[in-house]
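Me: I am new to this structure and would like to go through it step by step. Could we look at it together?

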Amino acid sequence: MRKIILSVILITILVLSIFSIYFQTEAATLGAHVVALKLDTGDTAWMIVASALVLLMTPGLGFFYGGMVGKKNVISTMLQSFMAMVIVTVLWVVVGFGLCFGPSVGGIIGDPSSNFMFQGVNASTAWELAPTIPFILFAFFQAKFAIITPALITGAFAERVRFWAYLLFMVLFILFIYAPLCHMTWHPDGLFFGWGVLDFAGGTVVHMSAGWAALAGAMFLGKRKVQKVNPARITYVLLGTGLLWFGWFGFNAGSAVGASGLASQALGTTTVAAAAAAMTWVFFDKIQGHKLSAMGACIGAVVGLVAVTPAAGFVTIPHAIAIGIIASVVSNVVCSKFPKGKIDDALDVFACHGVGGMVGMLLTGVFASKAVNPIVGDNEGLLFGDATLFLIQLKALVLVSVFAFAASYALFFIVNKITPLRVSEDKEELGLDISQHGEFL
């Protein structure tokens with residue numbers, strides 16, 4: 001099996017090399033949702049910065065997760081995030097972007113043939129919903145969202161997954177789970193987009209999909225041999241949280257796709273939701289008799305960032321504070337009540353990202369206001385006396401949850417048939433840094 005895998009990898013690299021030489025970016029052409037560029041240098045400059053900020057989140061996540069695991073698994077855990085940047089970037093250029101933003105096939109998935117190897121993705125046209133920045137910049141900004149999503153999942157099966165199996169799962173996850181969810185939610189012809197689902201920067205596409213996949217992975221792989229481990233570096237967790245919070249301004253404010261008042265609003269809601277959630281988490285811990293910890297403050301801040309993501313460009317600053325507080329309490333309770341003895345979600349990915357994303361999606365249906373963003377239209381949030389948007393968000397939440405969990409579990413099953421997902425007990429005992437990579441701190 002090892003020889004077969006190595007042969008497939010070699011053939012894949014050779015084929016990519018041939019395609020890379022043969023294909024060239026086409027001249028500017030207009031088509032469905034691809035329009036003439038109305039270049040705004042301010043918007044373009046901001047989106048270049050936002051793209052860099054979002055990419056920074058993935059190594060930030062590496063530090064965040066790497067500090068939480070045991071000392072024998074720090075490098076492996078951080079490398080899983082780093083390799084997401086490597087693998088998903090190439091996959092995005094080859095077929096990923098086309099699957100997400102190519103011509104719609106039934107509102108479910110994009111046709112990758114029109115953008116295969118970034119054909120037609122250039123600097124002289126624009127995406128319909130981002131007409132002031134080059135199409136190629138929009139495409140690479142979106143790539144950063146695809147990169148971090150499978151990296152988020154890794155915290156659930158930390159300290160026990162075979163590295164090659166994880167890489168294969170990551171590719172399949174992008175193709176069969178992330179791509180359809182992205183297309184349905186953010187493509188103008190997508191199913192959820194047509195329903196009126198509001199997801200400003202990825203509550204459904206990123207955090208719910210990752211959260212449910214994490215739960216499926218934790219259930220499929222089973223418990224670690226030793227579940228209770230001391231975090232390797234709390235300072236890494238603090239550093240990772242800082243990088244995530246910093247990068248999240250690109251994640252949320254960048255989703256306004258321009259240097260605008262809406263971007264400023266999203267930056268503000270992101271800031272206060274994270275702060276409110278971190279404050280609530282540590283105070284709630286204290287009420288329950290725990291110490292006020294650095295780990296708690298960091299986890300709380302990330303939960304706030306997750307929860308405000310779908311709502312960032314649709315809600316007011318006071319409502320963002322409410323979102324941070326509510327999400328922090330809910331995720332904290334789920335973390336404490338989660339049946340860890342039965343399901344070993346090592347770093348509480350489902351409780352933080354899955355639950356945080358779901359809370360954010362529902363609260364978007366409560367607090368969304370057309371005064372903040374006219375795209376909300378007449379279907380404002382439940383707080384303003386209309387239940388329509390809330391019910392739309394709820395319907396999407398249920399469908400995404402069922403799809404993401406079931407499809408992820410199926411992918412774990414398929415990958416395990418191709419190559420074992422879990423390391424042997426002796427390699428788990430040795431630690432993945434040594435057994436998988438031959439390296440150590």
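This is a predicted model: local features need pLDDT of at least 70, side-chain atom pairs count only at pLDDT 80 or more; totals for chains, interfaces and linings use all residues.

Me: How many cavities of 30 Å³ or more does the structure hold?
Reply: The structure holds 1 cavity of that size. About 70 Å³ of space lies in the largest cavity.

Me: Which residues line the largest cavity?
Reply: The lining is made up of Phe64, Tyr65, Met68, Ile299, Val302, Val303, Leu347, Asp348, Val349, Cys352 and His353. By type, these residues divide into 9 nonpolar, 1 polar and 1 charged.

Me: And which helices each supply at least two residues of that lining?
Reply: They are helix H2 (41–68), helix H10 (294–308) and helix H12 (349–367).

Me: On to the core. How many residues has the largest nonpolar core?
Reply: The largest nonpolar core has 138 residues. Those with the most contacts inside this core are Phe64, Trp92, Phe97, Phe101, Phe138, Tyr178 and Phe251.

Me: Take Phe101, then. What is Phe101 in contact with, leaving aside its neighbours within four places in sequence?
Reply: Phe101 is in contact with Trp92, Asn115, Trp127, Phe138, Gln142, Cys182, His183, Trp186 and His187. Two of these, Trp92 and Phe138, are also among the core residues with the most contacts.

Me: Now the rings. How many aromatic pairs does the structure hold?
Reply: There are 28 aromatic pairs in the structure. One of them joins Phe63 and Tyr236, whose ring centres are 5.4 Å apart with the planes at 90°, so this pair is edge-to-face.

Me: Where do Phe63 and Tyr236 lie?
Reply: Phe63 lies in helix H2 and Tyr236 in helix H8 (residues 234–253), so their pair ties together parts that are 173 residues apart in sequence. Phe63 is partly exposed, with a relative accessible area of 23%. Tyr236 also counts as partly exposed, at 23% relative accessibility.

Me: What about Phe169 and Phe173, which kind of pair do they form?
Reply: Phe169 and Phe173 form a tilted pair, with 5.9 Å from centre to centre and 35° between the planes. The two residues are 4 residues apart in helix H5, so about one helical turn separates them. Both Phe169 and Phe173 are buried.

Me: Which residues do ring pairs link into a cluster?
Reply: The cluster is formed by Phe157, Phe163, Tyr166, Phe169, Phe173, Trp212, Phe220, Phe338, Phe350, Phe405, Tyr409 and Phe412.

Me: A change of topic: what is the phi of His33?
Reply: His33 has a positive phi of about 70° although it is not a glycine. His33 is placed in the loop between helix H1 (2–22) and strand E1 (34–36). At 15% relative accessibility, His33 counts as buried, because buried means under 20%.

Me: And the phi of Phe118, what is that?
Reply: Phe118 has a positive phi of about 65°, and it is not a glycine either. Phe118 sits in the loop between strand E3 (109–110) and strand E4 (125–127). Its relative accessible area is 6%, so Phe118 is buried.

Me: Is Ser255 buried or exposed?
Reply: Ser255 is buried, with a relative accessible area of 18%. Ser255 is found in the loop between H8 and helix H9 (261–287). Not counting residues up to four places away in sequence, Ser255 touches Phe141, Phe145, Phe200, Ala201 and Gly250.

Me: Is Thr41 buried or exposed?
Reply: Thr41 counts as exposed, at 62% relative accessibility. Thr41 lies in helix H2. The C-alpha atoms of Thr41 and Ile133 are separated by 7.9 Å, and the two residues are 92 residues apart along the chain.

Me: Last one: where is Trp245 found?
Reply: Trp245 is found in helix H8. Trp245 is partly exposed, with a relative accessible area of 24%. Leaving aside neighbours within four places in sequence, Trp245 is in contact with Thr270, Thr271, Ala274, Ala275, Ala301 and Leu305.

How values were computed
Residues are numbered from 1 along each chain as its sequence is written. Side-chain values use heavy atoms; hydrogens and water are left out. On a 1 Å grid over the protein atoms alone, a cavity is a set of points where a 1.4 Å probe fits but cannot get out, and a pocket is an open set with protein on both sides within 12 Å along at least five of seven lines; lining residues have an atom within 4 Å of a point. Grid points are joined across faces, edges and corners, and a volume is the space filled by probe spheres set on the points. Ala, Val, Leu, Ile, Met, Phe, Trp, Tyr, Cys and Pro count as nonpolar, Asp, Glu, Lys and Arg as charged, and the others, Gly among them, as polar. A nonpolar core is a set of buried Ala, Val, Leu, Ile, Met, Phe, Trp, Tyr and Cys residues joined through side-chain atoms within 4.5 Å. Buried means under 20% relative accessible area, exposed over 50%, partly exposed in between (1.4 Å probe, protein chains only). Contact means heavy atoms within 4.5 Å. Rings of Phe, Tyr and Trp (its six-membered ring) pair if their centres lie within 6.5 Å; planes under 30 degrees apart count as stacked, over 60 as edge-to-face and the rest as tilted.
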